[in-house]
Amino acid sequence: MAESADLDRMAQEIRRTAEECGAMVLGSILASELLPAVAVDGDAFPTLVKHLRPRLIYLVLTKFAAAEGVEARFEEEGLDRDLKKLAAKWKAKDGQSSRLILGLMADGILHGIVETADWFDVTLPR
């Protein structure tokens with residue numbers, strides 16, 4: 001175990017040493033205890049790519065498909081006015097990007113992000 005001041009000193013020393021040798025310090029969190037993976041901030045991902053120069057980047061960009069996501073659920077007869085408004089709102093998002101998933105491997109560690117559009121990351125009431 002270490003004191004808080006010791007942890008701060010260690011972190012400062014690592015940042016200074018990394019700068020001296022041209023290494024990137026990446027603020028991240030462990031994505032899983034069982035999988036060697038880290039979750040990377042979306043804004044840091046391009047810098048990570050420049051630093052690591054990976055040969056392969058995994059990229060998944062999903063588009064919202066209103067026909068599948070809305071019409072299948074809301075095209076029934078007898079919808080009340082509020083449900084019709086909700087269906088129209090989601091139909092207006094048809095074809096827009098809703099989620100971006102990026103990943104790359106470096107030194108046996110998966111570095112990845114999942115970014116979701118604000119409008120798509122909605123919890124509907126039950």
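I first wrote down that buried means under 20% relative accessible area, exposed over 50%, and partly exposed in between, with a 1.4 Å probe and protein chains only. The model is predicted, so I noted that local features need pLDDT of at least 70 and side-chain atom pairs 80 or more, while totals for chains, interfaces and linings use all residues. Residues are numbered from 1 along each chain as its sequence is written, and side-chain values use heavy atoms, without hydrogens and water.

**Aromatic rings.** I looked up pairs of Phe, Tyr and Trp rings (for Trp the six-membered ring), whose centres must lie within 6.5 Å, with planes under 30 degrees apart called stacked, over 60 edge-to-face and the rest tilted. I found three such pairs in the structure. F64 and F120 are edge-to-face, because their planes stand at 65°, with the ring centres 5.9 Å apart. F64 counts as buried because its relative accessibility is 11%, whereas F120, at 24%, counts as partly exposed. W119 and F120 also pair edge-to-face, at 5.6 Å centre to centre and 80° between the planes. W119 is buried at 17% relative accessibility, and F64, W119 and F120 form one aromatic cluster.
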